[in-house]
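The following account leads from the fold of one chain to its contact with another. Please keep the sequence and the structure in view while reading.

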Amino acid sequence: MTTTSVAPVKRAVVQALRASPSLVSAIRGGIHEGIAPRKVRYPFITYQLVAAPYAYDWTGMMIQALIDVSVYAENPVDANNIDALVAGALNEAGLNVDGQTSLLCRRVADLPTGPDIDSEGKRIYQVGGSYSVWTDQAL
Amino acid sequence: MISFEELGQAILEAASEALGEGANIVAARARSLAPVRHIFRGGGPSIRPQSAPQSRGVSPLGSDSLNRTVQAVSAGRPPVNWRGRRLAAATAALESYVEGDRSTLTRRGAYEVRQALAHPKPGSRSPTGRLSPSFATFQHLNVGGRLRGEIRATPATLAGSRAEAWVISPTRYAKYQEFGTRHNAAHPFLRPAAAESRDEVVSRIAAAVTEAARAGSGKTEIEIMVRL
């Protein structure tokens with residue numbers, strides 16, 4: 001049987017974020033992988049795959065993905081509110097991962113990041129968390 | 001006959017020692033995953049396959065100083081492997097910088113050389129007279145990589161029934177690489193190293209505990225919790 005990689009996991013995470021109407025209306029700059037383009041409006045979300053080790057057994061393969069989701073906003077209140085919406089959308093969510101069975105999606109840590117100055121001199125607040133996503137697929 | 005307390009202490013010490021080894025494994029993996037900045041002009045000393053006449057020095061590789069450096073280190077008997085050739089070229093570029101040739105390094109690279117953060121020879125002095133720190137003994141510092149060179153594991157410490165070992169990246173910009181910023185995408189290296197080493201570390205600790213329990217002729221059930 002063909003096994004799939006971690007790409008469907010990332011896709012499922014973005015789908016789960018986009019399925020939350022309150023979150024979609026709160027982020028004006030959209031959702032980006034890794035880094036957002038320079039002229040994107042605030043607030044926006046970036047996500048980044050940190051690690052995705054595979055664990056094999058005789059019948060299947062489990063992917064234990066760790067994904068960082070960060071919120072960038074111009075004030076800390078917005079950043080924290082949107083981060084709470086992200087946590088609400090992802091924590092204990094049942095993800096629809098193509099070709100895999102979603103086992104868990106859980107926030108496991110907050111990101112220790114602080115305010116930053118962007119290229120236009122504006123103070124930007126970065127708040128986020130790490131999410132552990134475990135999926136299983138038959139071999 | 002060994003008492004239960006002594007057996008427990010022996011098991012804990014064995015687990016702690018294995019944990020320390022595990023931390024070294026995680027640190028080594030983190031070093032291999034950590035991003036390396038380019039400190040050389042033009043993207044670094046380009047090591048490329050040479051034809052036989054080139055390796056004999058008949059045809060120069062080029063006129064720029066970087067290629068002269070490559071030719072200098074590959075003249076005579078060139079290093080066989082790519083890594084060796086790259087390290088040799090990088091070392092030569094750094095040495096030429098120390099001798100006054102400023103055309104091979106970027107500003108960042110020059111800063112690292114001045115601060116003895118990327119000095120070619122461990123223990124030698126930078127142009128400012130500062131001693132190279134001990135982490136310069138890592139070879140890969142010769143091709144840049146203060147971030148890599150400073151990653152280290154602490155020895156495991158025992159506090160009651162808890163053993164701890166830390167893998168530390170004390171470089172000031174390490175967290176920006178690990179978590180990303182508005183300007184730079186993240187290049188995680190510590191957490192992937194921990195995730196990839198988890199099974200190896202756990203199996204080492206389990207083996208050490210089993211061995212210690214066997215040495216004490218103990219027949220006990222032991223629960224081990226490993227947090228990575």
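Helices and strands are here DSSP runs, a helix having at least four residues and a strand at least two, and they are numbered from the N terminus. In this predicted model, the elements of chain B follow the order α-α-α-α-α-α-β-β-β-β-α-α from the N terminus on.

Of the 228 residues in chain B, 43% are buried. Where contacts in chain B join residues at least 6 apart in sequence, 57% of them link residues at least 24 apart. The accessible surface of chain B amounts to about 12,800 Å², with 52% belonging to carbon and sulfur atoms.

Confidence needs attention before the details are read. The model scores ipTM 0.88 and pTM 0.70. The average pLDDT of chain B is 70, and 54% of the residues score at least 70. Among the elements of chain B, the lowest mean pLDDT, 41, belongs to helix α3 (residues 65-74), and the highest, 92, to strand β4 (residues 167-168). Over residues 45-79 of chain B, pLDDT stays under 50, and the model has 60 contacts beyond four places in sequence for this stretch. Residues 124-143 of chain B also have a pLDDT below 50, with 54 contacts in the model beyond near neighbours in sequence. Where pLDDT is low, predicted coordinates should not be read in detail.

How much area do chain B and chain A bury between them? The two chains bury about 1,400 Å², 56% of it on carbon and sulfur atoms. On the side of chain B, B:Phe179, B:Arg182 and B:Arg191 lose the most area to chain A, together 49% of what that side buries. The contact takes 14 residues from chain B and 25 residues from chain A.

Polar interactions between chain B and chain A include nine residue pairs in polar contact, both residues being at pLDDT 80 or more. The elements giving two or more residues to the side of chain B that touches chain A are α7 (174-179) and α8 (190-215) of chain B.

The count of salt bridges between the two chains is one. In this salt bridge the side chains of B:Arg191 and A:Asp68 meet at 2.6 Å, N to O. A:Asp68 belongs to strand β4 (residues 60-73) of chain A, and A:Asp68 counts as buried because its relative accessibility is 3%, under the 20% cut-off. The side chain of A:Asp68 also makes a polar contact of 2.7 Å with the side chain of A:Ser130. Among the residues that A:Asp68 touches are A:Tyr47, A:Leu111, B:Glu178 and B:Phe179.

Key:
Residues are numbered from 1 along each chain as its sequence is written. Chains are lettered from A and ligands numbered from 1 in the order in which they are written. Side-chain values use heavy atoms; hydrogens and water are left out. Buried means under 20% relative accessible area, exposed over 50%, partly exposed in between (1.4 Å probe, protein chains only). A polar contact is a pair of N or O atoms within 3.5 Å; within protein, one must be able to donate a hydrogen and the other to accept it, and residues adjacent in sequence count only if both atoms are side-chain atoms. Contact means heavy atoms within 4.5 Å. pLDDT is the predictor's confidence in each residue, from 0 to 100. Accessible areas come from the Shrake-Rupley method with a 1.4 Å probe; for residues, only the protein chains shown count as cover. Buried area is the accessible area (1.4 Å probe) that two parts lose on being put together, summed over both. A salt bridge is a side-chain nitrogen of Lys or Arg within 4 Å of a carboxyl oxygen of Asp or Glu.
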